[in-house]
Amino acid sequence: MSTTSTSAHYIEPDRFTRRVFNPIVSRLTRWGVSAWGSRVLEVPGRVSGEIRSTPVNLLTVGDRRYLVAPRGTTQWVRNVRASGSGDLRVGRRCEHVDLVELADADKPEILRAYLRRWKWEVGQFFDGVGPASSDAELLAAAPRHPVFEIGARGR
C-alpha cells in the first residue's frame, strides 16, 4: 500500500546533528550498542546504487515493526521508496527487510506510539503534535511523516 500523500515536507538536520549526533549514534549502533532501539539503515541510492546509511529508530507496536521519518521526505525515505527494501544493522547483526509504506489513514496509531517513545528527540519536527494529541491531529500530521512497515525477507 502506498502513501496517499505526495508531500515533500523535509526538515534538514542542523550541523550538530549531521556532524556529531548522527555519527555518534551510528558508530555506537555499529559497535552493537542500540540506544533506544537504534539501527543503521542501509539502502542503495536511487541514482548511484551506492549503499547509503543512516541511523533510524526502530519502533515495535504489537508484533509489527516500523520506521518513521520524523523529518519528512528525507533521502533515506526516497531511497526506500525506490528500492522497497534495505538492511537494518546493529553490531554484527544484519537483517534484510522489505519496507512497505503506510497510507496516511493508517499512521495515527503508529505516530502516537513513536511520539510516546521518542518525543524528547523528535518532538520539534511534529509542530506541537504529541502522544496525547487527538486522532484528527495525528491524521493531519501524517502526510508530513512517512512510515514504513518492516517485513523480514530471506536471502
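This note goes through the predicted model point by point, from the whole chain down to single residues.

1. Basis. The structure is a predicted model in which local features need pLDDT of at least 70 and side-chain atom pairs count only at pLDDT 80 or more, while totals for chains, interfaces and linings use all residues. Residues are numbered from 1 along each chain as its sequence is written, and side-chain values use heavy atoms, with hydrogens and water left out.

2. Overall layout. The protein chain has four helices and six strands. Helices (H or I, at least four residues) and strands (E, at least two) are DSSP runs, numbered from the N terminus. In sequence order the pattern is α-β-β-β-α-β-β-α-α-β.

3. Burial and surface. The protein chain has 155 residues, of which 46% count as buried. Buried means under 20% relative accessible area, exposed means over 50%, and partly exposed lies in between (1.4 Å probe, protein chains only). The chain exposes about 8400 Å², and 50% of this is supplied by carbon and sulfur atoms. Accessible areas come from the Shrake-Rupley method with a 1.4 Å probe, and for residues only the protein chains shown count as cover.

4. Contacts along the chain. A contact means heavy atoms within 4.5 Å. Among contacts in the protein chain with a separation of 6 or more, 66% are between residues 24 or more positions apart.

5. The largest core. In soluble globular proteins, nonpolar side chains tend to be buried together. A nonpolar core here is a set of buried Ala, Val, Leu, Ile, Met, Phe, Trp, Tyr and Cys residues joined through side-chain atoms within 4.5 Å. The largest one has 19 residues, and Leu59, Ile110 and Phe126 have the most contacts inside it. Two or more residues come from each of β2 (51–61), β3 (64–68), α3 (108–122) and α4 (135–141). Helix α3 gives the largest share, seven residues.

6. Leu59 and the second core. What does Leu59 touch, not counting residues up to four places away in sequence? Its partners are Arg64, Arg65, Tyr66, Ile110, Ala113, Tyr114 and Trp118. There is also a second, separate core of 14 residues, including Val43, Val56, Val77 and Leu88.

7. Helix α2. This helix covers residues 75–83, and its buried residues are Trp76, Val77, Asn79 and Val80. Seen down the helix axis, the buried residues of α2 fall within an arc of 165°, so they line one face. The arc is that of the directions from the helix axis to the C-beta atoms. After α2 comes Gly84, which has a positive phi, near 75°.

8. Arg46 sits in the loop between β1 (38–44) and β2. Apart from neighbours within four places in sequence, Arg46 contacts Gln75, Arg78, Asn79 and Ala82. Arg46 and Asn79 are 33 residues apart along the chain, yet their C-alpha atoms are separated by 5.2 Å. Arg46 is partly exposed, at a relative accessible area of 39%.

9. Salt bridges. Side chains of opposite charge can pair when their charged atoms come close. A salt bridge is a side-chain nitrogen of Lys or Arg within 4 Å of a carboxyl oxygen of Asp or Glu, and the whole structure has seven. One of them joins Arg65 and Glu95, with the closest N and O atoms 2.6 Å apart. Arg65 lies in strand β3 and Glu95 in strand β5 (residues 93–101), so this pair ties together parts that are 30 residues apart in sequence. Both are partly exposed: Arg65 has 21% relative accessibility and Glu95 has 23%.

10. Two further pairs. Lys107 forms a salt bridge with Asp104, at 2.8 Å between the closest N and O atoms. Lys107 and Asp104 are both buried. Arg144 forms a salt bridge with Asp127, at 3.9 Å between the closest N and O atoms. Arg144 is in the loop between α4 and β6 (147–152) and Asp127 in the loop between α3 and α4, 17 residues apart. Arg144 is partly exposed, with a relative accessible area of 23%.

11. Asp127. Is Asp127 buried or exposed? Asp127 is exposed, with a relative accessible area of 56%. Most residues other than glycine have a negative phi, and most peptide bonds are trans. Asp127 has a positive phi, near 50°.
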